[in-house]
Amino acid sequence: MSALKLCSGTVALLSRDNVDTDQICPARFMQRRRAEGYSDAFLHDLRFAADGTVRDNPIDAVSGASILVAGRNFGGGSSRESAAYAVVDAGFRVVVASSFGDIFAANAARNGLVPALVHAEDLSRLTQHLELRRDHVVSVDVERLTIHAGNLSLDFHLDDSRRTMLLNGWDDLDVTLQYGHAIDAFVNKDRAERPWAAVTGSAPS
Amino acid sequence: MARTLFDKLWQSHVIAERGEESLLFVDRHFVHEGAFHAFDKLDARGACVARPDLTIGVADHYVPTRPDGWDPDIVRMVHDLEKSCRRHGIRLFGLGDPRQGIVHVVGPQEGLTLPGLLIVCGDSHTSTQGALGAFAFGIGATEVSHVLATQTLWQKKPKTMRITIDGALSPGVTAKDMVLTIIATIGADGARGHAVEFSGSAVRALSMEGRMTLCNMTIEAGGRCGLIAPDDVTFAYLRGRPYAPPDFDAAVAAWRHLHTDEGAMFDREVRIDGTGIAPSVTWGTSPEDALPVTGYVPAASDHPGQEQHVADALDYMALQPGTPLEGLPIDRVFIGSCTNGRLEDLRAAAGVLRGRQVKVPGHVSPGSAKVKAEAEAEGLAAIFTDAGLEWRASGCSMCVAMNGDRGAPGERVASSTNRNFRGRQGKGVRTHLMSPAMVAAAAVTGAITDVRRLVRDVS
Ligand code: SF4
């Protein structure tokens with residue numbers, strides 16, 4: 001995962017609420033390995049007709065967009081990380097919404113995608129602004145947690161730990177492996193305190 | 001200091017802290033076919049599974065429910081899970097195992113899910129297992145690989161919310177109606193970022209199965225997890241289960257401390273009057289789009305600020321504002337899923353179907369192979385097949401349509417599942433969520449029906 005401090009680019013305006021992860025990546029694409037890519041899976045049934053032709057849709061209306069502006073409750077529902085893969089593979093580095101599914105937001109940050117949370121009023125200001133000037137370049141500053149679109153400027157929220165992860169391109173696992181002693185100490189103490197928590201019964205089959 | 005149940009669960013799992021996040025110890029990690037991304041990541045690093053003894057594989061999402069005509073691409077997903085589990089020494093409840101079933105049905109049923117545990121699975125409905133007083137939540141594939149490699153997870157402590165439901169439920173009203181009413185009240189993101197504890201006399205009065213239905217759909221309100229303090233109902237449910245602790249009484253003594261202390265504070269409190277809840281159905285494409293079955297399809301103007309969502313939903317669902325929900329013709333029914341695929345759910349549906357014939361096709365997929373065997377032993381399977389429904393094997397089936405069980409485009413489906421998302425049950429399928437008894441009533445009349453009418457007929 002590469003580090004991301006600043007993202008400037010054009011916007012795809014998906015002004016819809018409740019875009020769940022089943023829509024973002026329909027279940028039938030989920031057998032794919034990561035390396036096979038998920039860009040066509042992204043919002044597939046919104047973007048493509050049954051015969052595979054591209055419908056009139058807000059994603060394909062702009063080419064090369066790197067910032068997705070959505071509505072309320074983006075990425076609610078299923079925990080499928082393939083939803084984050086699909087957004088990333090479709091070229092986006094930032095999603096702006098007034099609320100996110102918790103698991104989606106966690107998955108996004110772990111895949112180098114910024115889940116930028118803004119107040120509902122700010123989201124409508126941004127959306128209105130962009131409806132008038134679709135070609136505007138928007139810049140998202142992950143260090144300062146600000147979004148600039150023309151003369152409009154607003155703040156967004158991102159959990160500290162996710163911000164650090166995105167800014168550094170870190171993987172949690174590298175950090176956790178340094179906690180081996182703390183984990184061992186916990187397990188030893190816990191075994192005495194919660195003997196009932198062990199898995200007992202039949203051995204692995 | 002007075003602590004909430006959630007505080008107690010959280011604090012007993014903290015290994016270390018770093019900034020706003022804590023490193024938590026994971027007591028049980030369930031993996032299903034979707035874990036292949038996580039196993040791939042593990043392999044890419046050359047890492048091993050840290051605690052195969054605390055990891056349990058369950059085949060459910062891609063399991064075929066028909067005896068024949070298996071799609072090789074789908075069965076391959078199940079075999080991939082078998083291979084990963086074998087390679088890493090993980091116990092697996094796979095195809096043909098009498099313990100196989102939907103992961104969130106199997107965990108409690110086998111006594112692997114216990115009060116006081118921290119449980120994760122790469123599946124959002126892991127919240128189901130909080131019904132036993134565990135801190136249980138869904139995670140993504142990268143987190144799954146982290147748990148596989150370390151048996152731990154970094155998490156920011158969620159806020160706490162208590163939803164209190166008091167009063168006796170009316171006849172014909174179930175846990176499913178309670179949770180649909182809650183989601184319609186607080187919204188599909190109403191519990192976002194919160195650990196939700198359910199309390200109140202209506203919750204206490206629920207069976208273990210009903211409690212699981214309630215916690216299952218906490219995620220549909222955006223909640224991080226759902227929780228119910230363990231009590232005698234919980235302990236009676238667990239006693240004698242295959243993986244229940246050998247010294248069960250000592251465990252119960254410890255579990256009795258797992259409740260919210262008098263005077264503990266929540267970040268948010270919601271109260272719902274249980275006596276006012278009616279059998280409910282969804283009309284739209286989000287679980288928050290739920291109404292009493294006696295209601296009418298709303299107009300966009302009924303939901304200020306959400307006009308676009310309502311208009312889009314009605315368009316997808318092919319519904320006109322003002323149409324009564326009762327009487328809406330349906331094309332197919334499905335009974336099953338981790339929401340409503342347990343024995344009590346099948347009994348409720350069979351109670352409506354006994355001695356009747358269905359007007360539309362559909363199938364029943366029990367929540368686990370064990371539920372299937374029990375339902376067959378007590379004659380429920382025969383009631384379903386005599387009524388004209390198909391009786392299938394256990395799996396996620398038409399809840400998520402990954403195994404090939406799906407509706408046809410444009411079909412209107414009455415379903416006992418948890419998500420009425422666009423395309424969830426097959427491309428273009430229009431899903432109406434409701435309780436298993438309500439699905440059975442819809443099957444009998446071929447239209448959405450207030451189950452209380454049919455129950456009155458019978459009595
Ligand atoms: S039954 Fe449905 S909700 Fe439950 S685990 Fe399976 S796919 Fe997920």
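Quick notes on this one. Contact here means heavy atoms within 4.5 Å.

1. **Ground rules.** This is a predicted model, where local features need pLDDT of at least 70, side-chain atom pairs count only at pLDDT 80 or more, and totals for chains, interfaces and linings use all residues. Residues are numbered from 1 along each chain as its sequence is written, chains are lettered from A and ligands numbered from 1 in the order in which they are written, and side-chain values use heavy atoms, with hydrogens and water left out.

2. **The Trp in the core.** By that contact cut-off, and leaving out residues up to four places away in sequence, B:Trp255 touches A:Trp196 from the other chain, plus B:Leu114, B:Pro115, B:Pro230, B:Phe235, B:Leu238, B:Pro245 and B:Phe248. B:Trp255 also belongs to the largest nonpolar core, which has 190 residues; together with A:Phe74 and B:Phe384, B:Trp255 is among those that touch the most other members. (A nonpolar core is a set of buried Ala, Val, Leu, Ile, Met, Phe, Trp, Tyr and Cys residues joined through side-chain atoms within 4.5 Å; buried means under 20% relative accessible area, exposed over 50%, partly exposed in between, with a 1.4 Å probe and protein chains only.) Helix α16 (residues 436-445) of chain B gives this core its largest share, 8 residues. There's a second, separate core of 27 residues, with A:Ala116, A:Val138, A:Val142 and A:Leu158 among them. In soluble globular proteins, nonpolar side chains tend to be buried together.

3. **Chain B overall.** Chain B has 17 helices and 19 strands; helices (H or I, at least four residues) and strands (E, at least two) are DSSP runs, numbered from the N terminus. Its radius of gyration is 21 Å, close to the 23 Å from the globule rule for 459 residues, so chain B is as compact as a globular protein of that length. (That radius is taken over C-alpha atoms, and the rule is 2.2 Å times the number of residues to the power 0.38.) Along the principal axes, the C-alpha atoms of chain B fill a box of roughly 55 × 55 × 45 Å. Buried residues are 66% of the 459. Taking contacts between residues at least 6 apart in sequence, 76% join residues at least 24 apart.

4. **Chain A overall.** For chain A, the count is 8 helices and 8 strands. The C-alpha box is roughly 65 × 45 × 30 Å along the principal axes, and 57% of the 205 residues are buried. Of the chain A contacts between residues at least 6 apart in sequence, 66% join residues at least 24 apart.

5. (Areas come from the Shrake-Rupley method with a 1.4 Å probe; for residues, only the protein chains shown count as cover.) Chain B carries 47 positive and 53 negative side chains, the centres of the two sets 1 Å apart. Chain A carries 21 positive and 27 negative ones, with the centres 1 Å apart. Lys and Arg count as positive and Asp and Glu as negative, with His and the chain ends not counted; each charge is placed at NZ of Lys, CZ of Arg, CG of Asp or CD of Glu.

6. **The end of α5(B).** B:Thr150 lies in helix α5 (residues 141-150) of chain B and is buried, at 8% relative accessible area. Not counting residues up to four places away in sequence, B:Thr150 touches A:Leu173, A:Thr176, A:Leu177, A:Ile183 and B:Ala50. Then comes B:Gln151, in the loop between α5 and β8 (152-156). Phi of B:Gln151 is positive, near 60 degrees, in a residue other than glycine, and B:Gln151 is buried at 1%.

7. **Helix α2(B).** In α2 (residues 36-45) of chain B, the buried residues include B:Phe36, B:His37 and B:Phe39. Their cover includes α3 (82-89) of chain A, as well as β3 (28-31), α3 (72-88) and α5 of chain B. B:Gly46 follows α2(B), with a positive phi near 70 degrees.

8. B:Ala318 follows α11(B) and has a positive phi near 55 degrees. B:Ala401 is not a glycine either, yet its phi is positive at about 60 degrees; B:Ala401 sits in the loop between β17 (390-391) and β18 of chain B and is buried at 12%.
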